[in-house]
Every structure is written in C-alpha cells, then in structure tokens.
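Visitor: I'd like to learn how to read a few features of a structure. Could you walk me through them?

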Amino acid sequence: MNPEVNQLVDHLFRREAGKMVAMLTRAFGLDHLQVAEDAMQEALLKAIRNWGLGGVPRNPSAWLMRVAKNRALDIVRRETNFRSKEKELTAFFEQRPESAEDSVRFDEEIRDGQLRLIFACCHPDLSRETQVALTLKTLCGFGEREIAAAFLTSEAAIAKRLVRARRRIREVPITLDIPAGPRLAARLDAVLQTLYLLFNEGYKASHGDELVRKELCEEAIRLVKILVDHPTGDRPKAHALLALMLFNSARLSARADAEGNMLLLAEQDRSLWDRAIIARGLRHLHRSAAGKEISEFHLQAGIAYCHCAAPTYETTDWRRILSLYDMLTEIDRSPVVALNRAVVISNVQGPEAALDAIAATGSRDSLDGYYLYHAVLAHLRYAVGDFAKAAVGFRRAAELTHVTSERVFLRRRLRECGKRNAENRKNQRTEG
Amino acid sequence: MMKTESNSFLYIFRGGADPNQMSPEDMQKNMDAWFAWMGELRSKGHLEGGEPLQDGGKVLKGKKGQSVTDGPYAEGKEEVGGYLIVTARDLDHAAELAKGCPIFQNDGSVEVRAIRKMSDDLAAAE
C-alpha cells in the first residue's frame, strides 16, 4: 500500500468494472451475468474499505482483479449450482493473469473478453434500447441512475429493462461466442449500429446532462477502438465509424461559448478543435478505404472530415460535401439526412435552392416535431428575407427544443427577425 | 486531571459497505472523499496511524483461550473494517473531526474512544 497516493485516475472504477465483468462472464457464462456483476461490485466495495485507510495499492487494477476472482471462487464453492463446474472454474482463474504488469497476456485476455461482451450486448435478439443500456451497464460500468440520466428516463425503467435483458439472454440463449463466417458481417453491423447510436445519444445536444453526454461519446469511441484493434472487428466499416466519431468529438468543445450557448458551425472558434483527435480520425479514415464497400459511415466520416479540414466556414469544400450527401441520400432516405443536405445546398446554390430541396423531400410530416427542421427552415427564410415566416419557425423551434442553450440561441434569432421585420416596415413607409 | 498538550483517540470503523445502489463512479467519488478526509487529518497533524483490517479472523474465548472460532462473522454493518489513531484536544474535538468521514454516506459508523495513557492514570491516582 502506498498511503501517499491519494487520488485515482479518472473513471478508474468504471473502467475496471468493465474489465472485471468481461473476465468474470468469460468464466461463469453470460447466463450468470448477475454473479459477475456482484463479484465486481464487491471488489470495488472492498477497495473503498481498504484504500481509504490504507492507501492505494501499487497496482490498483491487479488488486481489484484478484479480489474479484477470489470473490468469484467463493461463490463457486458456496453455491451448489456451480459445484459441478468448480474444477473448471478454479482452473480458469488460476490460469488468468491479474494485470498487464504480470503478463502481456492480460491485455489480450481483457480485450478478448470485452469483444465477446460487445457482440453479446449488441445481439440482434435484444431491442436496440436494451442493447445500449446493457452495453453501458456491463462494458462501461455505468450505474442505472447514470444510464437513466443519459436517456432522460427513470432509474426504475432502466432497472426493469436490464432485468428483462438478463432474462432474454437466458431464453435465447445469448452466449459469448465471437461470430464467424457468414454470420459475422450481420452481427458486426448490429454492433456498429448500436455503438453509433450510443455516440449520437452523447453527441446530439437534445437532452440530458452535458457531462454524461460527453462520457457517452468517449465510451462509444473506446468500444469501437476495442473492436478495430481485434482481428474480428478490424473491418473498413468499423474504421469508418471510428473516424466519424473522432472527427465529431474533436469539435465538441467548440460547440458552445463560455456561457454554454450553442454556436453555429460558422461561429465556432476552429482553433479549439482538437487537432490530435482529428489526426487520429484521419488515420482510421484511411484504413476505412481498404474495401469496396462505401457505407453510410464512410460518407458521414467524409463529410465530417471536410468540416475538420476547412480553415474557415467560408472556405469549406461545400461541393464535395454536397456530393457526399447526394450519395448518402441514396443509402439513407431519412428526412433528417435530406434536411442536412438542404443546409449544404444553401451554401452551394443559395437559400432558395435549399428551400426547394426541402419542399421536394418526402415524409416531411415526420419532421414536424423536430426542432432542427423548424430552425433550418427559419434560417433559410431569414436568408431570403422572409422575416415573418422565419419568426414563426424560430418560435416553433424554441418551443420544441429541450436544451436551454439552444432555446436561448433560437430566441436571439427570433428577436433579430422582429428587428428586421420592423426595419422593413419602416423602409416601406419611408418609400411609400 | 492534568491534561497533556494533546491526546490520542482511536477511531473504530464499522460497516459502510452495503451501497447496492452505488455505481462504480459513485464509489470512486466516495473513495475521493476518503482521500480528502484523510488528507486533511494528515495535513493538520491529527493523523498518527491506522490501517484497514482484513475480513474474518479468529475469536478466542474460555479460560485458556481454548475455544477458538473463526469469525467474528458479524453482519457487514457490525464488522470492524479498520482503525485510525488521531490526535485531538479532547473527546469532543475528536468526535468533531470524525464527522467528515465518508463512511456515513454508506450507513457506516465510527466509534471514537480516548486512549488511556498510563501517565494520566498515575496523575489521577495521586
């Protein structure tokens, strides 16, 4: 013990929780997920009781892993339904190293365990929202309250969702196999979609606690990194997704001003964009180009990179972005993509063309409850000088958003509409 | 009774390890609170020493200690998890210093006991 060490690495417990659960579920099987989580929980509790008075051990990870293993072995000896597997489980734990310092095999073991868990948590037999909750709980060490905060739901609802998930795991049953052969592509796709959703929950500024959302982005990136670092997940599409996440997260800190007010892309201080993360993204973008497939992640990563590469808003390669959006609308016909494409059209061909493009979009009704739809429309109408209609749009958008900083921004725009409208009337009067 | 300039007190920690609702992040925050509390005791010169205790142990009873049982096997709430020795002016002061202990966040308890110094006893006996 080292009593002089009196602080822990950020999120150490959460990280170690994920590692312990990965190791323990390998031993017990996913149908005993609860046992793994209990042993992990007890290891952390033991740390609180001991490190507080005695200081942090030289190798906290190894300390925790050893406690969790011992706890797991206690459970094996005590509970009769594990009796038949006692020898097997004891051998499993005895063969496993406890930390990277003890053995180079440790990192591999953990990565392998986490990869198996990722595939299991993102199994197509679970609903997408269950996949996300289960991933956060088991792989990321999130608590139910934290998951609930990220998804603006109650702790009880998340707890219920996790209970159902565990039942479903046993019913299906979902195991910790790494998919291979023809099944791999579909399973990998499901994983990528779920991790993409996880990232977007964090990235979109629609609701929830700012800090929690940033952590969701970090976790999504960490998990895709585990994926691409393993031969099973080292695929162009996974690299494309990772590139996309990195390009977007590099710009996160510039999205709001010092008071927390949202800034438009045009208004952001680009010197705040994290160049190191962009460089990381670029490396994965290059690796994503290995195959023939151009997925929606490739296109979105390409678009995000165009933004990252532009020194100013004005010098952005909008034509290239538009061509990427044209391809994206071929794959993804969602009205949200069409809306984003319209914003790009306004930069290439002007606001009238953008308004025409929105008018030509099918299933616009589904966008009516989406604040951004009204905000974009209002922005374009403002640009063509239709301040009265723009005001209606900004007001509707401000009603729909849940984010205070966005509401402040939209109200500011609304006031500008009023001002310009009054000026217009004044000018008309003078002219008349 | 003559008081020496400072007195030693024993903190006995019990329980404080049943937070089922705590997430790993919450637990790490609790850990940080321990470090902060201990750090303050140390920086103000109150901390003399202390250590956590391992779970379990043996309890000896009987005339020659011949009755040996594993244990104490108390419930989590009762088991002594560790001890500290602190320096304080008097019992009230020692109790005051203990109030910042994060063990209370987890329903644990701290027993504060003055350590009897034999020199004091001699003074009292005179």
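Predicted model: local features only at pLDDT ≥ 70, side-chain atom pairs only at ≥ 80, totals over all residues.

Guide: Helix α7 (residues 128-139) of chain A and helix α10 (residues 182-203) of chain A have axes that come within 10 Å and cross at roughly 75°.

Visitor: How is α7(A) oriented relative to α10(A), parallel or perpendicular?

Guide: In general, two packed helices are described by the angle between their axes and the distance between the axes. Angles of 65 to 115 degrees count as roughly perpendicular, so α7(A) is roughly perpendicular to α10(A).

Visitor: Which residues make the contact?

Guide: From α7(A), R128(A), Q131(A), V132(A), T135(A) and L136(A) take part, and they meet A190(A), Q193(A), T194(A), L195(A), L197(A) and L198(A) of α10(A). By class, the contact of α7(A) with α10(A) has six nonpolar, four polar and one charged residues. As background, an α-helix has 3.6 residues a turn, so residues three or four places apart point the same way.

Visitor: How many residues of α11(A) are buried?

Guide: Buried means under 20% relative accessible area. For α11(A), 14 of its 19 residues are buried, leaving the helix mostly covered. Helix α11 (residues 210-228) of chain A reaches 28 Å from first C-alpha to last, close to the 27 Å expected at 1.5 Å a residue.

Visitor: And S253(A), is that buried or exposed?

Guide: The cut-off for exposed is over 50%, so S253(A), at 51% relative accessibility, counts as exposed. S253(A) lies in the loop between α12 (236-249) and α13 (275-288) of chain A.

Visitor: What order do the elements of chain B run in?

Guide: From the N terminus on, they go β-α-β-β-β-β-α-β-α, with three helices and six strands in chain B.

How values were computed: Residues numbered from 1 in each chain as written. Chains lettered and ligands numbered in written order. Heavy atoms only, no water. Helix = DSSP H or I, 4+ residues; strand = E, 2+ residues; numbered from the N terminus. Buried < 20%, exposed > 50% of the residue type's maximum accessible area, 1.4 Å probe, protein only. Axes fitted to C-alpha atoms, helices over the stretch in contact; angles between N-to-C directions. Parallel < 35°, antiparallel > 145°, perpendicular 65-115°, else oblique. Contact = heavy atoms within 4.5 Å. Nonpolar A, V, L, I, M, F, W, Y, C, P; charged D, E, K, R; others polar. Expected span 1.5 Å × (residues − 1).
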